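Colleague: I would like to learn how to read the aromatic rings in a model such as this one. Could we go through it together?

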Amino acid sequence: MTDERGVIRTISWRDLFPWLILLRTFRIAIQPALLTAATAATLITPIGWWAGGWMFLPKEWDEDRERYVVQYPQQHGLSLADQLPPAFREYLPQSITGIVEPYLQLADPLRHIFHVNLTLGETAYYLFGSLWSLAVWALAGGFITRYAVLRL
């Protein structure tokens, strides 16, 4: 019988605890480049909605401001939060949270596209705004994801 004694020189913590990669992701998430990309997307998204309103919605001359003002569509019916089925609402928090509210804000314009009482201009406005938001966040999300994957 051989008596081999080995000395442990290093411990591979990544192999021993693979979940430690989650701690590295926080360092990546607070990189200035990623925060700048998310901030830029947040600021650019309303600009597209404004441009869509200017292109597709009727304008009215405002005497006080001496300029044209876009007439944005009124809410048609109940909001998406009010139309959720009771079984689904049972699992959501009673108050609007930071997780539920962004979903409702992104999904509500898509619901308006299919509303019966919309004019052609309002439908084009909601469609343009939804596609604009999708394009902006796909670009920003793709950049953020690629950056994070390369750093990991």
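Colleague: Which residue lies over the face of W54?

Modeller: A charge counts as sitting over a ring if NZ of Lys or CZ of Arg is within 6 Å of the ring centre and within 35 degrees of the ring normal. Here K59 lies over the face of W54, at 5.2 Å from the ring centre, and R151 lies over the face of Y147, at 4.4 Å from the ring centre. This is a predicted model, in which local features need pLDDT of at least 70 and side-chain atom pairs count only at pLDDT 80 or more, while totals for chains, interfaces and linings use all residues. Residues are numbered from 1 along each chain as its sequence is written, and side-chain values use heavy atoms, with hydrogens and water left out.

Colleague: How many aromatic pairs are there?

Modeller: A pair of aromatic rings is described by the distance of the centres and the angle of the planes. Rings of Phe, Tyr and Trp (its six-membered ring) pair if their centres lie within 6.5 Å, with planes under 30 degrees apart counted as stacked, over 60 as edge-to-face and the rest as tilted. The count by this rule is eight aromatic pairs. W49 and Y125 form an edge-to-face pair, 5.4 Å centre to centre with 75 degrees between the planes. Because W49 lies in helix α3 and Y125 in helix α6 (residues 120–151), this pair ties together parts that are 76 residues apart in sequence; helices are DSSP runs of H or I with at least four residues, numbered from the N terminus.

Colleague: Are W49 and Y125 buried or exposed?

Modeller: Both are buried, that is, under 20% relative accessible area with a 1.4 Å probe and protein chains only.

Key: Helix = DSSP H or I, 4+ residues; strand = E, 2+ residues; numbered from the N terminus. Buried < 20%, exposed > 50% of the residue type's maximum accessible area, 1.4 Å probe, protein only.
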